Amino acid sequence: MPRAQKLKVYRTPIGFHDAYVAAPSQKAALEAWGSDADLFARKVAEQVTDPDLMAEPLAHPGKVIRKLRGTAEEQLASLPSAAKQRASKHAPKSRPRPSRAAVDEAEKALAELDTRQQEERAQLASREAALARERSDLEARQRKALDKAAKARDRAEAAYEKALAKWRG
């Protein structure tokens, strides 16, 4: 008997692929897949009898052949509805870019506040300059008044000393 007739083809799902292997027994198929568990007892692995699916594994005995199970759309369509919703939540195209409107509004408010505060500081500086001029004028008037009063006192004192000296004799 030719060796190809002794081999059987087995299949197990691995993620989005089916893993096919041509092996003489289920034990040999499990070894080829690197499985410690009996996938056949768990009904996760099976023997394949479809000639189209058997052709490639039989051409490469003992080698694991991976074949994609449907397109991405078909795989998503076969998911339960909750899984589809989770998958659609994680799809990058379904997540809109966050709005920058709040940041732009806050930046505008900050700029307006800064402008208003600069104007208030300028008004205060103007009032401070006016007060400084007013103080300078006040100090000049007071100095002038003090000088005039001191001269009057000096004249009065001189007159008093003169009158006192005349009185003493």
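Glu56 is partly exposed, with a relative accessibility of 37%; partly exposed covers the range between buried (under 20% relative accessible area) and exposed (over 50%), with a 1.4 Å probe and protein chains only. Its side chain meets that of Lys67 in a salt bridge (3.9 Å, N to O), a term for a side-chain nitrogen of Lys or Arg within 4 Å of a carboxyl oxygen of Asp or Glu. The model is predicted, so local features need pLDDT of at least 70 and side-chain atom pairs count only at pLDDT 80 or more, while totals for chains, interfaces and linings use all residues. Residues are numbered from 1 along each chain as its sequence is written, and side-chain values use heavy atoms, with hydrogens and water left out.

**Salt bridges**

- Seven salt bridges are found in a search of the whole structure.
- Helices (H or I, at least four residues) and strands (E, at least two) are DSSP runs, numbered from the N terminus.
- Lys67 is partly exposed, at 23% relative accessibility.
- Asp18 and Arg69 form a salt bridge through their side chains (2.8 Å, N to O). This pair links distant parts of the chain, 51 residues apart: Asp18 is in strand S2 (residues 17-23), and Arg69 is in the loop between strand S4 (65-68) and helix H4 (72-78).
- Asp18 is buried, with a relative accessible area of 10%, whereas Arg69 is partly exposed at 36% relative accessibility.
- Arg153 and Asp154 also form a salt bridge, with their closest N and O atoms 3.0 Å apart.
- Arg153 is exposed at 51% relative accessibility, and Asp154 is partly exposed, with a relative accessible area of 39%.

**The two sides of helix H2**

- Ala29, Leu30 and Trp33 are the buried residues of helix H2 (residues 26-33). They line one face of the helix, because they fall within an arc of 100 degrees seen down the axis of H2. The arc is that of the directions from the helix axis to the C-beta atoms.
- Lys27 and Glu31 are exposed residues on the face of H2 turned away from its buried side.

**A charged patch**

- Lys144, Lys148, Lys151 and Arg155 form a positive surface patch. Patches are made of residues with over 30% relative accessible area and no salt bridge, with like charges joined within 9 Å and nonpolar side chains (Val, Leu, Ile, Met, Phe, Trp, Tyr) within 5 Å.
- Arg155 belongs to helix H6 (residues 101-168) and is exposed, with a relative accessible area of 56%.

Terms used: Accessible areas come from the Shrake-Rupley method with a 1.4 Å probe; for residues, only the protein chains shown count as cover. Lys and Arg count as positive and Asp and Glu as negative; His and the chain ends are not counted. The place of a charge is taken as NZ of Lys, CZ of Arg, CG of Asp or CD of Glu.
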